[in-house]
Amino acid sequence: MAKLIGGLATSHIPAIGGAIHKGVQQEPYWKPFFDGFPPIHQWLSEVKPDVVVMFYNDHGLNFFLDKMPTFAVGAAPQYNNADEGWGIPTLPPFKGETDLSWHLINTLMEQDFDVTTCQEMLVDHACTLPLKLFWPEGECPVTVVPVCINTVQFPLPSAKRTYALGKAVGEAIASWSSDKKVAVIASGGLSHQLDGERAGHINKAFDLQFMDSLLTNPEWATQFSVHELVDKTGTQGVELLMWLAMRAALTVGSPTVRKVHSNYHIPISNTATGLLALACD
Ligand code: DHB
Ligand code: FE
């Protein structure tokens, strides 16, 4: 059976793509953000995952307001990045893991998650940036199964439901007949609001409590409704649902997790950036 080795979580602000492209990671604005990554690169070079399942939210590239699935799973042999209007370079396509995609889809459907299956899927910054941040050198060494969770158009799935989805994804990974090593990635958050009266809203106290809860009490955030989460973290801060799904998946890999490394820095663009790596060992 496949081995679930751990989880990774990072914010996915488009400007990060521009900073990587310009090579300005060591400039004072960017350094506190990029300095979080080397200890995680070190861990990844030791544990060497083959495949990642990526919880992320599409921002209007592949799905638009006319058709918005709550949960969508990629089942494509290859995922193409497309110009989404942020002025960041389009990255080369990356490889899917269709065998795990279909195992995941079948397992989720058996557990009453009515997922949308996507045999073609364009991916935006939320899917491409974490791969570039965690594997900055050369070609991406992992194959990917993208799992898209709607955090864009209401109604959104509840934190409780998202946690249950994450757990079911963890169970599917653990029952995949393969000798591959799998990591789960969460892309998004932490607190941010890009527009409206509260544009620029950041909630450091809540973010830090949330990050802490993932170590000690993973279901903590499921007590909040999505409206409460938006109130606390901003309209886009609700992307933290991805982190919750990732952590729920790990409960299947191991009863406890070990923190490899974390970082928190305010702000990059409009966003409180969070970074976390958890090992199942
Ligand atoms: C920003 C953050 C996001 O999560 C996103 O998807 C787009 C922009 C930002 O802070 O600029
Ligand atoms: Fe986003």
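A cavity is a set of points, on a 1 Å grid over the protein atoms alone, where a 1.4 Å probe fits but cannot get out. Grid points are joined across faces, edges and corners, and a volume is the space filled by probe spheres set on the points. This structure holds 1 cavity of 30 Å³ or more.

This is a predicted model: local features need pLDDT of at least 70, side-chain atom pairs count only at pLDDT 80 or more, and totals for chains, interfaces and linings use all residues. Residues are numbered from 1 along each chain as its sequence is written, ligands are numbered from 1 in the order in which they are written, and side-chain values use heavy atoms, without hydrogens and water.

**The cavity**
- The largest cavity has a volume of about 30 Å³.
- Its lining (residues with an atom within 4 Å of a point) consists of N81, A82, D83, E84, I88, P89 and T90.
- That lining splits into 3 nonpolar, 2 polar and 2 charged residues.

**Around ligand 1**
- The shell (residues with a heavy atom within 4 Å) includes H12, H59, W86, H125, E239 and N270.
- The shell counts 4 nonpolar, 7 polar and 1 charged residues.

**Polar contacts of ligand 1**
- These are pairs of N or O atoms within 3.5 Å.
- A polar side-chain atom of H125 sits 2.8 Å from a ligand 1 oxygen.
- For a polar side-chain atom of E239, the distance to a ligand 1 oxygen is 3.3 Å.
- N270 uses a polar backbone atom, 3.2 Å from an oxygen of ligand 1.
- The protein covers 95% of the 300 Å² of accessible area (Shrake-Rupley method, 1.4 Å probe) that ligand 1 has on its own.

Methods. Polar contact = N/O pair within 3.5 Å; in protein donor to acceptor, adjacent residues only side chain to side chain. Nonpolar A, V, L, I, M, F, W, Y, C, P; charged D, E, K, R; others polar. 1 Å grid on protein atoms, 1.4 Å probe; cavity = no way out; pocket = protein on both sides within 12 Å on 5 of 7 lines; lining within 4 Å.
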